[in-house]
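Thanks for coming, everyone. Let's look at the structure together, then walk through a few of its features.

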Amino acid sequence: MLSRVKRDLTMTAAPTPGGSRVDLLLIADMVTPGARVLDVGCGDGELLRILGERRDVDGRGIELSREGVNECVAKGLAVIQGDADTDLADYPDDAFDFVILSQTLQATRHPRIVLEHMLRIGRHAVVSFPNFGHWKIRLQVGLGGHMPTTDNLPYAWWDSPNIHFCTIKDFRQLTMVTGAKMERAVALNAWGTPLRFNAPWWFWNLFGEQAVFLLSRRS
Amino acid sequence: MVDLGTAPDVARSREADEPRDSLVARFGHDRPLKLDAGVELSPFQIAYQTYGTLNAERSNAVLICHALTGDHHVANVHPVTGKSGWWETLIGPGKPIDTDRYFIICPNVIGACMGTTGPASTNPKTGKPWGLEFPVITIRDMVRAQAMLLDELKIDTLFAVAGGSMGGMQVLQWAASYPRRVFAALPIAASTRHSAQNIAFHEVGRQAVMADPEWRGGRYLVEGANPRRGLAVARMGAHITYLSDAALHRKFGRKYQDRSNPTFSFDADFEVESYLRHQGSSFVERFDANSYLYLTRAMDYFDIAADYDGSVANAFKGSETRFCVVSFTSDWLFPTSDSRAIVHALNAGGARVSFAEIVTDKGHDAFLLEEPELFAIVRGFLDGAARVRGLPIPKR
């Protein structure tokens, strides 16, 4: 199911002239060239492809959906079928430079444990997620009185794979609980444009439709 | 061709020494095969096939490892059965394992009966078939012999090693024993160790062979006998494990064979019975009963972890080989959980691994059948590896 979240985003998020999603390019921008990368919930392998082309990384992926995995392997990507909630425990410490969780956090059963494993397996963790604090969502819940559906989150509450939504504010709290060091954060508006870097957090939390965080282990 | 008349037993023994339509590498007393059992096999020979052309850099060789009852005729018409090669779906010009681009080598394993030295071969010391005097061999022995063949062919590094089932075990053993000689590895429907259930099935098969009075304590070739019934029963039992409940039901259901009512006898009333009997009787025409004992035994002994302090991950630690592990949903002989265990061990060892599970109701045998998803995965994996290896990739 994780891959469906991503595929839907592929269709709805603003593509760049090159045809790639802004949030994926943003993630690629945070990864150092030649790094060892694990993409958790890699969907059809689009991010791994971008990372391979632009950053020359040694990339691996985990994907829950069988179709996604088989598509990736057929493209020559090193991807295994697996579950972020259960399979990260099998990876040794410091196996990767970057562990990426792109648009998948909200679909995991134990986001905190997943994030802790990411910071154990990799020196850096990159997490991107839809911001549940965006004003459109707040309007739908607060005034509409119903669970929100947006272009990025098109599911009705009864068939949504997303079980752990959070806001940018909430995620910052999780980074503090896990003791992660926040190296960089970017919020994107509905058109995929980064919000002003020096805007206050409440502004990001209200107008950011999605966010990308670069974290590292506090050593 | 020699006149074999009505003595297929003689034919079998001849095929073991002088295989038709095969290349043969002979290793004299100066190059013995050191076996895990602690003895040396010498002299010995390996029958094999090749397809395609070895490039000038000698970097495009692909080794295909066959399964328990397979042989080296992987992509050509079989000289004994007249059937097409067992992996012709996958290997050929323009196919996923492309004979236009790769030099493909498929050897018959040690202990087999199609031209590589095994219990049906002539023991040079006695001038008679080895029979049970042939030493017990292991998967590692098979791989060691294959490495000697590659030395003979002056191939240092294999671009890829691929195989399913017992062939997949050899692939894993290759990657563990000779990590630097294997650029890419494709173990399909395999496991790092044979399970208790699988050993149990093999034991039933062996007991069926040995219970046949024609087995003659393993001396049937010398005494002009052949334990056909025993080997056929072994094959029938094993064949069930290669399929699945769903596949058997889809193919046969409870349909009667050439009749509309039960005969109230022990005839093959049901189609599935008739099918199994056919599988059994056609198998004995091409396979040696003692070989069946030795090869099943080799699989039983297979346990990579045992050679590496009980940890499969140790076997692949620091490996630079690229792995692609494939399993099938309805395979209950080498279930997905076995493949997943391989993947976990490879990940723990830091190896580069892909893993795909293919949905099919065809059971363990799916790796030999028309599975477009398998073909796409093998093609994608090999093309990706070829790119890194600097081998040409066709434009599609």
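Start with two helices of chain B, α2 (residues 139–152) and α3 (residues 166–177). Their axes come within 9 Å and cross at roughly 65°. Axes here are lines fitted to C-alpha atoms, for helices over the stretch in contact, and angles run from 0 to 180 degrees between N-to-C directions. So α2(B) and α3(B) are roughly perpendicular, a label that covers 65 to 115 degrees.

A word on the source. This is a predicted model: local features need pLDDT of at least 70, side-chain atom pairs count only at pLDDT 80 or more, and totals for chains, interfaces and linings use all residues. Residues are numbered from 1 along each chain as its sequence is written, with chains lettered from A and ligands numbered from 1 in the order in which they are written.

Which residues of α2(B) meet α3(B)? Ile139(B), Arg140(B), Met142(B) and Val143(B) do. Their partners in α3(B) are Met169(B), Gln170(B), Gln173(B), Trp174(B) and Ser177(B). In contact means C-beta atoms, placed from the backbone, within 7 Å. Helices are DSSP runs of H or I, at least four residues; strands are runs of E, at least two; both are numbered from the N terminus.

Now the two chains. 16 residues of chain A are in contact with 22 residues of chain B. On the chain A side, α4 (66–74) and β3 (78–81) each supply at least two residues. The largest share, five residues, comes from α4(A).

Last, chain A itself. Its secondary structure comes to nine helices and seven strands. Its C-alpha atoms fill a box of roughly 45 × 40 × 35 Å, taken along the principal axes.

How values were computed: Contact = placed C-beta atoms within 7 Å. Parallel < 35°, antiparallel > 145°, perpendicular 65-115°, else oblique.
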